[in-house]
Amino acid sequence: MKKVTFLNAITEALDEELKRDPSVFLIGEDLFGGGGYGQALGLIEKYGPDRVIDTPISETAILGSSVGAAATGLRPVPEIMYDDFAGVCGDEIINQLAKLRYMTGGQIKLPVTVRMATGAGSCSAAQHSASMQGLFMSIPGLKIVTPATAYDAKGLLKSAIRDDNPILFLEHQFLLLSDEISEIPEEEYTIPLGKADIKKEGSDVTVVTIALMVHRALAAAEKLQEKGISIEVIDLRTLVPLDKQAVLDSVRKTGRLVVMTEEPKTGNSAAEISAIVAEEAFDSLDAPIKRVCAPDTPVPFSPVLEKFFMPDEEDLIKAVTEIM
Amino acid sequence: MPIPKEKLIDMFRTMVRIRRFEEAVFTKFAEGELPGWVHMYIGEEAIAAGVCAVLRADDYITSTHRGHGHIIAKGGGTDRMMAELYGKKTGYCKGKGGSMHIADVNLGILGANGIVGAGITIATGAALSAKLRGTDQVALCFFGDGAANTTRFHEGINFASIRKLPAIYLCENNQYGEYFHVSKSMNIANIADRGVSYGIPGIVVDGNDVIAIYEKVNEAVARARKGEGPTLIECKTCRQHGHFEGDAEIYRTKEEVEECKKRDPIPRFKKQLIEMKILTEKETDEIDKAAIKEIDDAVKFAKRSPDPDPMETLEDLYV
């Protein structure tokens, strides 16, 4: 086993896939300096400027070129610095990456992994802090991956790059900035897309969550245990394809569901998961489904406001307690 | 270097085939047989024919909502195209895409695209791909005067210019971006003048002169293959039909449409070929007859082809 940060894990995945497959290349802004958070640090020196391609500030060209390169036999891994910037290259995501294969009757293959930072916690304000998972989930034709740990990030990113479909790979910025060390295997490994991970088993309430909120849920789990409440924390890891079975199995066991995500409440991934459980496991529920989410506002700047905006352990403890 | 006789004849044949295809399409559309919308290429045939006569089979093109001419000129099958317009299972896209989204990846046709300007950055990517793979393939983007004012024009061409990508950006300026005349949509006279912004050649050419188009595109393709970077070519032309079939064309006069018809590239080229003694009148008639039969067969093929199974709606999403 070796010790890495979440950021190191991303770099290792990129390094290993660049080495393994000559058709893989990175493309994005400031990759010379490692990219938005340093995820690509050291790679341009190692692989050269034709495998790690630095660009001007041109999101539509970054993603549009990735579409053209992928359609002609290469495997691009573009970086769009923040998922907020999906607004800038929205057409490439919504109308090209998501739709070209389908519209051409399966002729075009787009093995593109779009890496984007997501989430808040660094007082980067509204245009650099969004959690866009719900919006992305609603676009058929994409896969959405959103890891919470270094181990998951590395294994999932490697799988995403090898997948022949267009994938949005969301790296939580708070986790990218974190010094926290965890252990990952020395030897190479991958994690399949579409499989949730039970980060903590429990019996009283199923808590389904993603990204940074996984850590909040685990912290809440300890405090709840002291009160005699046992929560099961499911880290979805992938939103599309969704591991629906893992969620339903857990709800059938516990009878209670709380979905926790950093997204604003309306129309988010938690809404989708809640609807699925209400449709398919209604008889197993002993209490209403609860969602713990951010308010329906953009992300505010001031630390006091950002803290209020972001869901935390106390929010989850309150929600869980309400349905016991 | 003069253009080989066979190529001249091929270009003429392509123009005639495109014209007959489009005539069948607007006729069938008017008869209510085609779902959705169609955008006619009538009057612009010299561009597709002149361009694709230069390109190799392994070169790439991206096309637009007005793309039937590009696809035919690049080698697309008129039967599978017609079947796609009819929404049939035997269409290029199994009925999934329709007129604006036809692709044939084996022929390097990376799709017609319904988003104005989208093909510009996609072609940039195909050119990037060729360069990274070390081949001498080129990527040619067909786009209109309307697309020349979109973000992708700027970002796509700028990116190609800094990396000297083997791309040709081919603007078909038919004077109208939908209903909006080009004199109102830009403050400059020529889209080609924007080459200066990217440090690349910007060439204006008569879009109804197939030989002139061939020559200019040939130079641009040669530049690209030698690694000298992209070129912006603007073909000045006009479209004889409206933006789409059913367009009442309130934005232009009947006189203007008649003026456009006088510039029809097909009778002009036919006259040239006869004068150059490349073809006789009889031979041009035979080419036309063959085209009419080909398109007639394509329509028959499309009409007798089966619809896709409704459950196919759920297929072809993921690999």
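View 1. Buried stands for under 20% relative accessible area, exposed for over 50% and partly exposed for values in between, with a 1.4 Å probe and protein chains only. Strands (E, at least two residues) and helices (H or I, at least four residues) are DSSP runs numbered from the N terminus. Strands are paired if DSSP finds at least two bridges between them. With strand S2(A) (residues 24-29), S4(A) pairs in the parallel sense over 5 bridges; A:Leu26 has A:Val77 as its bridge partner. With strand S5(A) (residues 113-118), S4(A) pairs in the parallel sense over 3 bridges. The bridge partner of A:Glu79 in S5(A) is A:Arg115.

This is a predicted model, in which local features need pLDDT of at least 70 and side-chain atom pairs count only at pLDDT 80 or more, while totals for chains, interfaces and linings use all residues. Residues are numbered from 1 along each chain as its sequence is written, chains are lettered from A and ligands numbered from 1 in the order in which they are written, and side-chain values use heavy atoms, with hydrogens and water left out.

**View 2. The sheet of chain A.** The open sheet of 7 strands runs in the order S3-S2-S4-S5-S7-S6-S12, with mixed pairing. Its edge strands are S3(A) (52-55) and S12(A) (238-240), each of which pairs on one side only. Neighbouring strands are turned by 20 degrees against each other on average, direction ignored. Helix H3(A) (residues 59-71) packs on the sheet and touches S2, S3, S4 and S5 of chain A. The direction of H3(A) makes about 165 degrees with that of S4(A); axes are lines fitted to C-alpha atoms, for helices over the stretch in contact, and angles run from 0 to 180 degrees between N-to-C directions.

**View 3. The sheet of chain B.** Six strands form an open sheet in the order S2-S1-S3-S4-S8-S7, with parallel pairing. S2(B) (109-112) and S7(B) (202-206) stand at the edges with a single partner strand each, so one side of each is left without a neighbour in the sheet. The twist averages 15 degrees from one strand to the next. S7(B) pairs with S8(B) (residues 231-236) in the parallel sense over 5 bridges, and B:Val205 has B:Cys235 as its bridge partner. Helix H5(B) (residues 118-133) packs on the sheet, and its direction makes about 170 degrees with that of S3(B).

**View 4. Nonpolar cores.** A nonpolar core is a set of buried Ala, Val, Leu, Ile, Met, Phe, Trp, Tyr and Cys residues joined through side-chain atoms within 4.5 Å. The largest has 142 residues, and those with the most contacts inside it are A:Ile231, A:Leu316 and B:Phe143. Another core, of 68 residues, lies apart from it and includes B:Met11 and B:Ile278.

**View 5. Contact between chains A and B.** Chain A gives 42 residues and chain B 37 residues to the contact, which means heavy atoms within 4.5 Å. B:Arg163 and A:Asp50 meet through their side chains in a salt bridge (3.0 Å, N to O), defined as a side-chain nitrogen of Lys or Arg within 4 Å of a carboxyl oxygen of Asp or Glu.
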